[in-house]
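Load the model and keep the chain in view. The walk below goes from sheet to helices, then to hairpins and charged pairs.

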Amino acid sequence: MEVVPVEQEKEEVVEGWLYVVRSNRIGLQYSSKRYFLLQDHNLKSFKSVPTSNDQDPLRSAIIDSCIRVTDNGRENVNRRVLFIFTLFNTSNHSDQLKLGASSPEEAAKWIHSFQGAAIVNYIKLHAFRLTDSRRVQQCRSIDWTLCSTSATHTDPVNDVIAPSSWTIFGCQNGLRLFKETKDRDSHGKWDDHPAIMAVGVVDGASESIFQTLMSLGPTRSEWDFCFHKGSVVEHLDGHTDIIHKQLYRDWLPWGMKRRDLLLRRYWRREDDGTYVILYHSVFHKKCPLQKGYVRACLKSGGYVISPLNQGKRSVVKHMLAIDWKFWRSYIKTSAARSITIRMLGRIAALRELFKAKLGPCAPEFSSGELTCLGDEADNAPSGRASLGGLNDSAADEFFDVPEPSDSECWSYDLQDMRQPKISTAAVFVRKLHDLAVQKRGYVDLQDLVREDNLSYCYGTTLPKDQTYTMLSSWAMTDPSTFLIRGKNYLQDQKKIKARGTLMEMVAADWVKSDKREDDLAGRPGSIVQKYAAQGGPEFFLIINIQVPGSTTYSLALYFMMNTPLEDSPLLQSFVNGDDAFRNSRFKLIPYISKGSWIVKQSVGKKACLIGQALEMNYFRGKNYLELGVDIGSSTVARGVVSLVLGYLSNLVIEMAFLVQANTEEELPEYLLGTCRLNHLDASKAVSLKQ
């Protein structure tokens, strides 16, 4: 993909080859290769590289503030692994376009370009509507680079001030070795199954290293001396799957039986090019215990691959906390620890592999990991104004850009696309597929959730405990833990400690239901309605985090202020603005202050414009604004939250919320409120089922 800068007042031109992904009448996916060009919010597709600016496109669409982009991860289409993302219209979800890129880096560039185009389009549109010269000048002072979903590329890696959770204890094969820092009462003693991390520098791009680590094919034996063979047991979505690994016995101590691992694998790419791969052990009905193997339990583990030296080198972190399932009477804890450290030495082997390669390491994937799909054609209706118009299957049913033959054969489960009309047989096939998907085949190695039917009153279902000692409770956290944009941020890109909050957290709800629960603040009996009945000046902001599933969980946080909205212009603009403005400004800073490495790594400590990553629903009342955050609208977010739920009762979660400031008049930023959640228990969520 090539990015060509144009004049200062115009948009960048982003162009390159992508794959339009569609489904045929029986639900099988197929792709068509097209050349796309994004310029001035116009997305155009061509069957070949355009030779002039005046050439008419095959299809076109407008990328405005209603367009959202979701990252669908890896999928196999036409015997080719693609990194999929979907554009859809928030006002009409059936108007969507599913695209695929040949690499995660290329997919990320297109995703950011679409997101940026949608936000900039919104800001420019409203700038033209302003008549006040002061406000026009304010809009002109916007740094357009701040409008991307990742805030800026010059932001610090983390937006949380926190002590390091690791202590170095040695160096081996050029790798630094760390153990997880424990509380004072542990007196520096090792746990039975300690979390140990190896850190090394590899002469390779983060994308190439990521592809190599994800491969379960024969080439893995070139660097992974532990690995015998592996396969994907079940593909859950583009970012999550269940994998089985069998380990060699040669590198294990004499007399120790062979080990295998059944793991849930989750991956994602950060905005700075960092790749995160996380693992933990699960049960799965399709992969019972193997004869001749002892199944080890990986409590927490994975890789973090961060680019270095403009992407030419990478820092690779490999962490393991694993129970090797020894008989303790025969094997000492120190022996198990030494095996874990030996396994972490794979980073040194990976480093030597890339050092031996003259060019970038081209990964190969096993035929057992993905299944070949056939080429099919679809006769969907075409159009020009909508995103669906770019699904130009009717125009090119017998045409596609020639591709070199592929020797790799991948096998991912199919994901259905919406079809305007399908045959009766196809409906039957799809229903069978949906039933299979709904019946999850794996179980995390955590306690199952109990069902309780309790009485409830909105705003009081989760107790407050400022002492931080009560389980399943909430409190406010120290604002100075979080970094926000300072007064001169547009010039120096520096962030400062937050000194306080505009609003006070006054209540929280922790509820579950068989459906999504919206507008909790507007329901009779809620604390918001009680204040409204009194006619006081109080204004509430409610953040309702919704986790879908067979049981839908809702965590609602209530923040209140006593001063008029007019005293806080940015918050007033947010409350009274439209959804596009709110989505472009509402920001969350997460922090797992207590918990396992795998959860801390999955959540991170970086500010996120969640309105650009997730679907948001807003409910405006007389004295409140409620934000419904739909976690299920993103496969990346679903993977993170699914992992967090498995460890929920062992976590202390801290969060800060704010409205992003983009202009000099809006700076410095201020926090709306903070929250600390102490060891939430899913079984204690109040049931709203009727």
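An open sheet of 6 strands runs in the order 28-29-24-25-23-32, and its pairing is mixed. Its edge strands are strand 28 (615–621) and strand 32 (686–687), each of which pairs on one side only. Helices and strands here are DSSP runs, numbered from the N terminus: helices are H or I with at least four residues, strands are E with at least two. Two strands count as paired if DSSP finds at least two bridges between them. Strands of a sheet pair through backbone hydrogen bonds, either parallel or antiparallel.

This is a predicted model, in which local features need pLDDT of at least 70 and side-chain atom pairs count only at pLDDT 80 or more, while totals for chains, interfaces and linings use all residues. Residues are numbered from 1 along each chain as its sequence is written, and side-chain values use heavy atoms, with hydrogens and water left out.

Stay with the sheet. Strand 23 (residues 504–513) and strand 25 (residues 552–561) run antiparallel, joined by 9 bridges. Helix 8 (residues 527–534) lies across strand 23, strand 24 (539–547), strand 25 and strand 29 (624–630). Helix 8 runs at about 165° to strand 24. That angle is taken between N-to-C directions on a scale from 0 to 180 degrees, with axes as lines fitted to C-alpha atoms, for helices over the stretch in contact. Contact means heavy atoms within 4.5 Å.

Next comes helix 9. Which residues of helix 9 (residues 569–576) are buried? They are L570, L571, F574 and V575. Buried means under 20% relative accessible area, exposed over 50%, and partly exposed in between (1.4 Å probe, protein chains only). Seen down the axis of helix 9, the buried residues fall within an arc of 135°, so they line one face of the helix. The arc is that of the directions from the helix axis to the C-beta atoms. S573 also lies in helix 9, but S573 is partly exposed at 38% relative accessibility. S573 and V659 are 86 residues apart in sequence, yet their C-alpha atoms are 9.8 Å apart in space.

Move on to helix 10 (residues 579–583), which holds R582. R582 is buried, with 7% relative accessibility. Neighbours within four places in sequence aside, R582 is in contact with F574, V575, N576, G577, Y618 and L625.

Now go to the start of the chain. Strand 2 (residues 13–23) and strand 3 run antiparallel, joined by 10 bridges. R22 has Y30 as its bridge partner in strand 3. The hairpin of these strands has 5 residues between them, and G27 takes a positive phi near 90° there. Strand 3 also pairs with strand 4 (residues 42–46), antiparallel over 5 bridges. Here Q39 has N42 as its bridge partner in strand 4. This second hairpin has 2 residues between the strands, and D40 takes a positive phi near 50°. Is strand 3 enclosed or open? Of the 11 residues of strand 3 (residues 29–39), 10 are buried, so strand 3 is largely enclosed by the rest of the structure.

Charged pairs come last. A salt bridge is a side-chain nitrogen of Lys or Arg within 4 Å of a carboxyl oxygen of Asp or Glu. How many salt bridges does this rule give? The count comes to 23. One of them joins E105 and R269, with the closest N and O atoms 2.8 Å apart. It links distant parts of the chain: E105 in helix 1 (residues 104–129) and R269 in strand 14 (residues 258–269), 164 residues apart. E105 is buried, at 18% relative accessible area.

E669 takes part in two salt bridges to look at. With R485, the closest N and O atoms are 3.9 Å apart. R485 sits in strand 21 (residues 483–485), and E669 in the loop between strand 30 (652–659) and strand 31 (671–678), 184 residues apart. With K587, the N to O distance is 3.4 Å. K587 belongs to strand 26 (residues 586–594), 82 residues from E669. R485 is buried at 0% relative accessibility, E669 at 5% and K587 at 2%.
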